[in-house]
Amino acid sequence: RSEVASSEFDGLVTEACDQHVSTLAANVAPQVISSDRHTVKPWFQGKLPFSFNLPENLPGDTRLEGANLTYVHNEPAALLLYSIGKHRVSVFVRKTAGDKVSDKFSAEHSGFHVMGFRAGPLEMIAVSDVDPTRLSELVSALRQVQTTTPPHQE
């Protein structure tokens, strides 16, 4: 990775972790509260310049809690809120700005695990303090549904 790409990646990881911490600290209900992907996904229509898929089946004791509209690097993004057991997970979905990050990536930052991937024009970044294996299962489920189903279909 070039130094510029590495610096941008580090900034993205820091921003995602900071937003995850502030979401936890705020203790405010999500803008859309639902565990139903058929409620959460349509809520973003007209709010984001892209679409994404949500998996029908989640790994054991993983639950979609809701979502918020947020910004990552000053661009509109979806913030999907999951729980894995008692752990909270923030998943940021954004349109990619280029091909500076590899297809799959992971990092550690301030005690949090950060995992993500690129699939076509989308990038997803998950942040949590849950066991990395459990977080990886959620990220894999999200990745699989992005690559197997066109976003405009269910």
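Author: Phenylalanine 44 has 2% relative accessibility, so it counts as buried (under 20% relative accessible area; exposed is over 50% and partly exposed lies in between, with a 1.4 Å probe and protein chains only). Tryptophan 43, at 21% relative accessibility, counts as partly exposed. This is a predicted model, in which local features need pLDDT of at least 70 and side-chain atom pairs count only at pLDDT 80 or more, while totals for chains, interfaces and linings use all residues. Residues are numbered from 1 along each chain as its sequence is written, and side-chain values use heavy atoms, with hydrogens and water left out.

Tryptophan 43 and phenylalanine 44 form an edge-to-face aromatic pair, with 4.9 Å from centre to centre and 85° between the planes. Rings of Phe, Tyr and Trp (its six-membered ring) pair if their centres lie within 6.5 Å; planes under 30 degrees apart count as stacked, over 60 as edge-to-face and the rest as tilted. By this rule there are four aromatic pairs. Trp43 and Phe44 belong to one aromatic cluster together with Phe50 and Phe52.

The ring of tryptophan 43 also has the charged end of lysine 47 over it, 4.4 Å from the ring centre (NZ of Lys or CZ of Arg within 6 Å of the ring centre and within 35 degrees of the ring normal).

Phe52, from the aromatic cluster, is also in the largest nonpolar core, of 27 residues, where Phe52, Leu80, Tyr82, Val91 and Val93 touch the most other members. Such a core is a set of buried Ala, Val, Leu, Ile, Met, Phe, Trp, Tyr and Cys residues joined through side-chain atoms within 4.5 Å.
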